[in-house]
Structure formats: structure tokens, C-alpha cells
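The sequence and the model are shown first.

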Amino acid sequence: MNYQFEFGWLFEYYPQIVKGIAITIELIAVGAVAGILLGIVCAWVRALGPAWLKPFVAGYVELIRNTPFLIQLFFIFFGLPSLGLQLSELKAANLAMVVNLGAYSSEIIRAGIQATPRGQFEAGASLAMSPFETFRHVVLVPSLERIWPALSSQVVIVMLGSAVVSQIAAEDLTFAANFIQSRTFRAFEAYIVSTAVYLVLAILLRQALSMVGWAIFPRRAAR
Amino acid sequence: MIEFTVWDILRNLLLATRWTIVLSLVSFVGGGMVGLVLLFSRISRRKWSRALAKSYIELFQGTPLLMQLFIAFFGLGLFGIDVPAWLAAGLALILWSAAFLGEIWRGCVEAVAKGQWEASASLGMGRLQQMRYVILPQALRIAVPPTVGFSVQVIKGTALTSIIGFVELSKAGTVVTNATFQPFTVYGLVALIYFALCWPLSKSSQILERKLNVAHRNH
């Protein structure tokens, strides 16, 4: 092997890399917040919601969990325009990530809700809380607390999965790597550096999520 | 302009589906073998062996599969090997799924009660005998549902190999779209085919989990 590794020239492209990192972070920030909210709503429907709504949500969750993210992305970006819904690359990427994480997180959150003892619901009812109030004040937070580690790993998985949004020309970190690769033909360096950046992002994201967990669930600290 | 019927589209997609299936099988079986090595090195008594396996798993679980595919595709080329897409795809998917399977199985081995290790040690069994006769048979039972569940991730993972140019279901979807200009129909069908492959596996994983858990509680 007579290949000479050189990483120095990559500095020339740092604006692209920084922009790519920023977009990847933005994608996961929007995806995580909106995705988890969607997951909470879906989990509520499947665990406690009206019966007529359950099959729809179940269908959505099963469909998303059993198809590749890449195809969901293509369907949203290339397919939906024929229904008259044209989205920009970034919007399509955002939507795909929210829809994807929504399905996965709803299953995780549902497990948390189902692990809530029945007595908690009864206690809520005996305090004259409506079912919604009971869910909001008694069930939701301890459920999220129970499954927070699993939810965090899922968010990290979705962040790593976001690498494919470069395929619809959303300018994320992978897009930057491809850009550099096509300009310089030094594929190996470009991809090694961006892989390392993803690794760092994944570690930081995991840390950040566990810190968020500590902030939302202060009871944990008392234990 | 040629008109394409839905049947034309579906037939071509189904023809490409076999490569998705072949690649999934290769990745799952190969990943299982490498994963077994990882499992043993992860629960070994030697510290360096545990550390090595752990950093392997961290590396492959902490980076995007797409990047691993790119590095396999372009990286191997540096060694003067002419890398066809299927080789890079198979290699990257095997190494990637090994990291996950190794970690899943470690969880299963650790789920076996500690007393079982102690009991078998007190019978004078060596480490290999303990594994062979006491731990693995019990861990295997716990491992079946998550392993079947992970096969769904492998099938979905193969979709990414279309990006480095391996012609399987996703790539066929793109090609057919370019020919027919019907992205809505084509990607809808592609999604349904993936669903038809994955859903039975997810479902049987859930059913197995329920069954084996029930059996477990009766002990």
C-alpha cells in the first residue's frame, strides 16, 4: 500500500464541515423534540386513547418500524409532490426524522406507560382528576423517567441514521464529506474525519440527553 | 413514451428484492459469527480482550452505517483491491451487525443468574464447560426474540448499500422511478415490499418474547 495519508488540507474545507455539523445538530434537535412529542401522543392513543383511533396509530407505528429510513425519506421527498406537497430538502429531512422517531419512541414510551401500576390511575381518579389530567400529572413523567435511557439510545440511533439525508441533497455532515470527496478525490480522509465527528457527536448527544434526564427528573437525584 | 403498468414496476422491484434477501442473509449469518467472537472476548477474563471488544462495539454503534459503507468502499480500494459494491456492502454490514449482535448476546449471557456460574464452578467445571453446559443453553432462550428482532434492522440496513451502488430493492426503486416518473407509486411499493419482509419477523419476535417469558415465569 503506497497511499499517503494527509489530513492537513482538510482545514481548507472547514466552512463546509462546520455547516454540515450545524445542520446535523439542527436536524436532530428538531427531530428529537418533535419526535418525542409525537411519540407521547401516539403512546397515549395506543395505551389509553379512543378505540377507533388505535388501529390508525398502530398501522403508522408498524409501517415506519418495518421500512428503511431511506425509503421513508425518498417517499416524502420524491413521492409526496405528486400529492401536491412539495417540501424543501431540509423540511423533508426534518419531517422524515420526526415521523421516524415518533414511531419508535411511541413504542418505548408505551412500555413505560404500561409499567405504571393500576393504582396510580385509580389514585388520580379518586382525586377527581380527569383521565387526561391523570395522564399528564401522574402517569407521564414517571413513565418517561423509567424509559429515558432507552429513549436516549433511540435518539442517538436516529441521529446516526440522519447521515442518509445527504441523499436528497440536504447539506448535513455527510453531504460535506461527499462534497470534499468529489472536489479532492481524497475519499478516505474525508470519510474518516466525518466518521470521527459523528462518533464525537454521538458521545456528546448521549451526555446531553442524560443531563436533560437529570434536569427533568430531579427525583432521580434524591434516590 | 412507454407506459408502465403497476405490474411492470412491481415485477422489476421483486426481481431486485432477491438481492436484498441474499445480502441480508449473508450479513446476518456473517455478523452472527463475528458477533460470537465479540461476545466471548467481551466476557473473557482478560482485560485487554474485554477493552478491545468494547471499543469495537462503541466504534460501530457510534458511527453511521453509511459512513462505514463509504470507508469500506473507498478504503479497501487503497490497498489496491478492486472493490465491487457487493463486497464492500457485505463486509460493512457484517462488521456492523456483529457489533449489535455481540452486544445483544452479552446482555443475554449476563441475564443468566450469577448463582449458575457459581454452582457450575463448584461442580469443578472449567470455563468452557460452564459456558457449554450451563450458561449458553439458558442464554440462548433469552437471546432468541431480540436476535430475530435485530434481523429486521439488518434488512433495513441493506437499503443503504444502494448508495454505494449495490443494486437491491432500494436502488431498483430509484432506477425504476427514473424510468417511469412515478415516485409515489414506486417508493410506496418499495416500502410495502420491505414491510412484507420485515413485519413477519418483528411480529414473530414479539410472539416469541411473550412465549418464552411465560415459560420463564413458570419455573
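In this predicted model, chain A and chain B together bury about 3200 Å², and 77% of that area lies on carbon and sulfur atoms. The size of an interface is often expressed in this way, as the accessible area lost when the parts come together. The contact draws on 38 residues of chain A and 34 residues of chain B.

Polar links across the contact may be considered next. Between chain A and chain B there are four residue pairs in polar contact, both residues of a pair being at pLDDT 80 or more. The number of salt bridges between chain A and chain B is zero.

On the side of chain A that touches chain B, at least two residues are supplied by each of α2 (54-65), α3 (69-79), α7 (173-184) and α8 (187-216) of chain A. The largest share of this side, 10 residues, belongs to α8(A). By residue class, the side of chain A that touches chain B comprises 24 nonpolar, 11 polar and three charged residues.

Attention now turns to the second largest pocket, whose volume is about 310 Å³. Its lining consists of 14 residues, and those nearest the centre of the pocket are Val33(A), Ile36(A), Trp148(A), Val212(A) and Ile216(A). Two or more lining residues come from each of α1 (14-48), α6 (131-161) and α8 of chain A. The greatest contribution to the lining, six residues, is made by α1(A).

Methods:
Residues numbered from 1 in each chain as written. Chains lettered and ligands numbered in written order. Predicted model: local features only at pLDDT ≥ 70, side-chain atom pairs only at ≥ 80, totals over all residues. Heavy atoms only, no water. Contact = heavy atoms within 4.5 Å. Buried area = accessible area lost by both parts, 1.4 Å probe. Salt bridge = Lys/Arg side-chain N within 4 Å of Asp/Glu carboxyl O. Polar contact = N/O pair within 3.5 Å; in protein donor to acceptor, adjacent residues only side chain to side chain. Helix = DSSP H or I, 4+ residues; strand = E, 2+ residues; numbered from the N terminus. Nonpolar A, V, L, I, M, F, W, Y, C, P; charged D, E, K, R; others polar. 1 Å grid on protein atoms, 1.4 Å probe; cavity = no way out; pocket = protein on both sides within 12 Å on 5 of 7 lines; lining within 4 Å. Points joined across faces, edges and corners; volume = space filled by probe spheres on them.
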